[in-house]
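User: Could you take a close look at one part of this model for me, beginning with the backbone and working out from there? Keep it chatty, but give me the cut-offs as you go.

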Amino acid sequence: MSRAIEWWKEKWAYFEANHGKLAKWLYQIGFFLVFSMGVTVFQYLVFTFMPGILGLGLAGTEFMWPKKELSIFGVDFTWSLLGYNILYDNSGAAIIGGGLGYFISYEVGSFLAQCINFPLQRNITFKSKGNLLYQAMWYFIAWIAISLVCNGFNNLWMPIAAVYMPPAVYNILVTFITGGVSMVIFFFVFKVIFPEGEGTK
């Protein structure tokens, strides 16, 4: 194993010496993907299990803004940027997987994932020593904007998916859609807010 590591280090050093810019991009993309996928798994676990921990009371509590009534593929639901529809079983009783309980779970899972992701990306992926408060502020602003976009999009298809599949399955889709959109946007946000070296801001 140690020989393989030494061989890889030697080959990488040679590649880095001859293709500096490409090597830096490959390094950053590689670590960015590893850390992003790690927090994506963490988010999935929170999205899946936290609504059950919060209970039926919150799952049956409506919290949505703004509210717009829609009907897609024969499924009537309320669309919003913030909050999620309450889910009901065949008897009309509220079930785990929607309402205020899911909204809290989504936001907590997403926020905690960013608390893990931010220092890893800043210190390891981009090796930035810029102004921490400035970087955290822009990271937070980007997270809010991305969360609103993802919430709005998810609320178009999640009510339909809930009719045909269990929460554990559509949570995978929520996680990958949210994580995929976030990863693409955040990578370029990081390239801007995480300058290498000391930074000027």
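**From a loop to the core**

Analyst: Start at proline 66, which sits in the loop between β1 (63–65) and β2 (68–72). Strands here are DSSP runs of E with at least two residues, helices are runs of H or I with at least four, and both are numbered from the N terminus. Before going on, a word on the source: this is a predicted model, where local features need pLDDT of at least 70, side-chain atom pairs count only at pLDDT 80 or more, and totals for chains, interfaces and linings use all residues. Residues are numbered from 1 along each chain as its sequence is written, and side-chain values use heavy atoms, with hydrogens and water left out.

Back to proline 66: the peptide bond joining tryptophan 65 to it is cis, with omega about -20°. Further along, phenylalanine 73 occupies the loop between β2 and β3 (75–79). Its phi is positive, near 55°, even though the residue isn't a glycine. Phenylalanine 73 counts as exposed because its relative accessibility is 72% (buried is under 20% relative accessible area, exposed is over 50%, partly exposed is in between, using a 1.4 Å probe and protein chains only).

Now to helix α4 (residues 99–125), a run of 27 residues that reaches 37 Å from first C-alpha to last, close to the 39 Å expected at 1.5 Å a residue. That expected span is 1.5 Å times one less than the number of residues. α4 also bends by about 25° at asparagine 117, with proline 119 following within four residues; the bend is the angle between axes fitted to the seven residues ending there and the seven starting there.

After α4 comes lysine 127, another residue with a positive phi, near 50°. You'll find lysine 127 in the loop between α4 and α5, and it counts as partly exposed because its relative accessibility is 48%.

What about the inside? The largest nonpolar core has 27 residues, and those with the most contacts inside it include Tyr102, Tyr106 and Phe190. Such a core is a set of buried Ala, Val, Leu, Ile, Met, Phe, Trp, Tyr and Cys residues joined through side-chain atoms within 4.5 Å. The elements giving it two or more residues are α2 (20–54), α4, α5 and α6 (167–193). Leaving out residues up to four places away in sequence, tyrosine 106 touches Phe47, Tyr84, Cys150, Asn151, Asn154, Val174 and Thr178, where contact means heavy atoms within 4.5 Å.

Last stop: tryptophan 138, in helix α5 (residues 132–164). It counts as partly exposed because its relative accessible area is 37%.
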